[in-house]
Amino acid sequence: MRHDHITSARQLSREDIEAVLDRASELAADPSAVANRHEGALLGLLFFEPSTRTKMSFSAAMKRLGGDIVDMGPVDSSSVKKGESLADTVRVVEGYADALVLRHPSEGAAEMASEFVDVPLINAGDGAGQHPTQTLLDLYTIRENAGLDDVSIGIMGDLKYGRTVHSLAHALTNFDVSQHFISPESLQLPRKVRYDLHQEGSEVKEHTDPEAILPSLDVLYVTRIQRERFPDESEYRKVAGEYQIDAESLSVAKDDLAVMHPLPRVDEIAYDVDETANANYFEQAHNGVPVRMALLDLLLGGDQ
């Protein structure tokens, strides 16, 4: 890898992405081959926001590489509660670990924190900003199911606050992909993200009616409406539950449409979709382990 820190999907080239995905494919096929590769290495986990999949899959990935984790634990039981700054926290934990994983509610926090440490720092989500490792596992899942060139991908739901959407949209500009953004008008892509995508040569195709575009898609990436990001509860209630995909709505889609979701879901994907061949979101979550294994392996020197 050409990067010491992974703070944004925008820093990853097609070459970078394919290096991680190819390595992930190797590890998924034979994870025992690297069982002791990073024996003695420690991964520091600093999660200032709740997490299930990201935190657990990073833990599993590091342990499957032969290493272990040191966990800051809940914010309420850490020195953050005493007023310690993020810069001081990462500088302290850097002394305990060979790499750091940071999730923080403030956009830009990972980029700022990376300036204070010399060990690799990975952004595990910064507010409504970026989530590059989620993007890598999303790309891996898309490649496994539909390929990453000459495909049509719909991204639906909360496009304004969704960091997984922002990361994925930027990363997809490295490939021959037609991107369709489906949302209520109040949750469309932020102007800055739209501008950046235009600058990267991607045509931003926005839709408010999912049924109109669904038959042409190879992949449908669904996101939940993120209640915790809304500054006003009444604004959340206006759009909550507005879009839902169920088994009946998939009747107009291609038979091999891959339905994805970064999880957790609320009501945007009905449970009857779970029983269809289109459901890929649990596979997507499981892919977090080999993809994060691959990334950690490369950052810690496994490519040498």
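How many residues does helix α11 have, and how far does the helix reach from its first C-alpha to its last? Helix α11 (residues 288–299) has twelve residues and reaches 16 Å. That is close to the 16 Å expected at 1.5 Å a residue, where the expected span is 1.5 Å times one less than the number of residues. Helices (H or I, at least four residues) and strands (E, at least two) are DSSP runs, numbered from the N terminus.

The model is predicted: local features need pLDDT of at least 70, side-chain atom pairs count only at pLDDT 80 or more, and totals for chains, interfaces and linings use all residues. Residues are numbered from 1 along each chain as its sequence is written, and side-chain values use heavy atoms, with hydrogens and water left out.

Twelve of the twelve residues of α11 are buried, so the helix is largely enclosed by the rest of the structure. Buried means under 20% relative accessible area, exposed over 50%, and partly exposed in between (1.4 Å probe, protein chains only). Among the buried residues are Arg 292 and Asp 297. The buried residues pack against α1 (14–29), β1 (42–47), α2 (53–64), β4 (121–126), α5 (132–145) and α10 (281–286). Gly 301 follows α11, with a positive phi near 105 degrees.

Leu 21 lies in helix α1. Leu 21 counts as buried because its relative accessibility is 0%. Leaving out residues up to four places away in sequence, Leu 21 touches Leu 136, Leu 139, Tyr 140, Arg 143 and Leu 148. Contact means heavy atoms within 4.5 Å. Leu 21 and Glu 144 are 123 residues apart in sequence, yet 10.0 Å apart in space, C-alpha to C-alpha.

The chain is assigned domain 1 (9–130 + 287–301) and domain 2 (133–285); such bounds come from an automatic or database domain assignment. Their centres, taken over C-alpha atoms, are separated by 25 Å. In the contacts between them, 32 residues of domain 1 meet 30 residues of domain 2.

The second largest pocket has a volume of about 370 Å³. Its lining draws at least three residues from each of domain 1 and domain 2. A pocket is an open set of points on a 1 Å grid over the protein atoms alone, with protein on both sides within 12 Å along at least five of seven lines; lining residues have an atom within 4 Å of a point. The volume is the space filled by probe spheres set on the points. Of the 19 lining residues, Glu 107, Ala 128, Gly 129, Gln 130 and Lys 192 lie nearest the centre. Helix α7 gives the most, with three residues.

Definitions and conventions:
1 Å grid on protein atoms, 1.4 Å probe; cavity = no way out; pocket = protein on both sides within 12 Å on 5 of 7 lines; lining within 4 Å.
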